[in-house]
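Colleague: Hi! I'm new to this one, could you walk me through it?
Modeller: Happy to, let's take a look together.
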Amino acid sequence: MRHEHIISAKQLSRADIEEVLDHAAEIAADPEAYADRHAGKLLGLLFFEPSTRTKMSFTAAIKRLGGDIVDMGPVEYSSVKKGESLADTVRVVEGYADALVMRHPSEGSAQMASEFVDVPLLNGGDGAGQHPTQTLLDLYTIRENAGLDDLTIGIMGDLKYGRTVHSLAHALTNFDVHQHFISPESLQLPRSVRYDLHEEGATIREHTALEEVLSSLDVLYVTRIQEERFPDENEYREVAGEYQIDAGTLEAASDDLTVMHPLPRVDEIDHDVDDTEYATFFEQAHNGVPVRMALLDLLLEGQ
Amino acid sequence: MSDNQKLRVSKIHNGTVIDHIAGGQALNVLAILGIDGTDGEPLSIVMNVPSDRLGTKDIVKIEGRELSEAEVDVLSLIAPAATINIIRDYDVVEKHRVSRPETVVGVLECPNQHCITTENEPIESRFEVLDEGVRCVYCDTIIREDLAAHILAG
Ligand SMILES: [Zn+2]
């Protein structure tokens, strides 16, 4: 890995992605072999908004590599609350840790923070922007279940604000993948993501109904449609129901379909899907640990 | 050229003449350069005069100031056809077309209100220049229409 920081899926080439995924597979096969790999190393956690899963997953990853965390704790107890700039906060915390993970509500915050620090900084989600480590674990899961070339993937839900979608769609342009985007018209891909996909030569196919493509899909990636995105609740109710799937919906799907979701889900995937062969979302969540171990290992090695 | 037009484009002593600005864009050109006349420099603005190349064009003359390379770059965003004449002692000593820069720093405000550059951080806005429009280096937001409306207040 030649990268110092992991800010956006856009910076990752196919070779970068394969390096991380191959390394994650090695780690998953023999985690014990890595147990003391980074003994004494500290990962700084800067979570400016709550994210239990991403935070726990990074914590598990560094601890399984023999390291530990230093945690800024909730924002309401920190100097941020007193008006300290993000640039100052990260410059202080870089002195405490060998690498940093940051989650922040502002888009571009990870890019900015990386300009102020010398230790590796990993973007754990910046507003509606990017979430590249989620993308790597998504890609790992897709590769394990369906391979990463000659693949047809449907991405459904809130495509406008969903940062996991933006990162994933871009990363997939490195592979031979047909991407179908399924959403209400008001939640279609933003202009900047369309621009990137176009620049990468990807053909975008957009749909408002899952039935149009379901039978052709190898992977269906579902995200949550958030009620707060809609100006009024009725408008939300009208569309939300159309993007919920259950075991009945999936009868029209190929037997090999892999159903993914970055979690947490609310009601967009019915629990009756959990016991089907399609359900891969818990496996996907668990893959976060070996993938983040791989990434941390590569970044800390490079130090 | 009629006397009337001569008067409007009369020579300046030392400074810059920006010609071939698209009709109606002169005030935006001044805004992008951070020039509002309050520093006391003499300014002439001629708007919407007939132009073979542009249909109508604006001309801006700034006495006592030579534009920097960076300023000229930025101009290209809203006045891609502009020509810059640097005047010393009533003579045109340099004449060049604007060229599009790869990035513009500290000039435009990101319209995304969740963008980190709109917060109180010690950074300047930074936009990558695309074939059409510009793109925030931080949050990826693309601005295509009405760039001048996003010029940061000086
Ligand atoms: Zn921005």
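Modeller: A word on terms: on a 1 Å grid over the protein atoms alone, a cavity is a set of points where a 1.4 Å probe fits but cannot get out, and its lining residues have an atom within 4 Å of a point. This is a predicted model, where local features need pLDDT of at least 70, side-chain atom pairs count only at pLDDT 80 or more, and totals for chains, interfaces and linings use all residues. Residues are numbered from 1 along each chain as its sequence is written.
Colleague: How many cavities of 30 Å³ or more does the structure hold?
Modeller: One. The largest cavity has a volume of about 60 Å³, a volume being the space filled by probe spheres set on the points, which are joined across faces, edges and corners.
Colleague: Which residues line the largest cavity?
Modeller: Among them are Thr223(A), Arg224(A), Tyr236(A) and Asp267(A).
Colleague: Switching topic, what are the protein donors of the zinc ion?
Modeller: Cys110(B), Cys115(B), Cys136(B) and Cys139(B), each through SG, lie 2.3 Å from the zinc ion. Donors are N, O and S atoms within 2.8 Å of the metal (3.2 Å for Na, K and Ca).
Colleague: And how are the donors of the zinc ion spaced along the chain?
Modeller: They follow C-x4-C-x20-C-x2-C.
Colleague: Is Cys115(B) buried or exposed?
Modeller: Buried, because its relative accessibility is 0%. Buried means under 20% relative accessible area and exposed over 50%, with partly exposed in between (1.4 Å probe, protein chains only). Cys139(B) counts as buried too, at 11%.

Terms used. Chains lettered and ligands numbered in written order. Heavy atoms only, no water. 1 Å grid on protein atoms, 1.4 Å probe; cavity = no way out; pocket = protein on both sides within 12 Å on 5 of 7 lines; lining within 4 Å.
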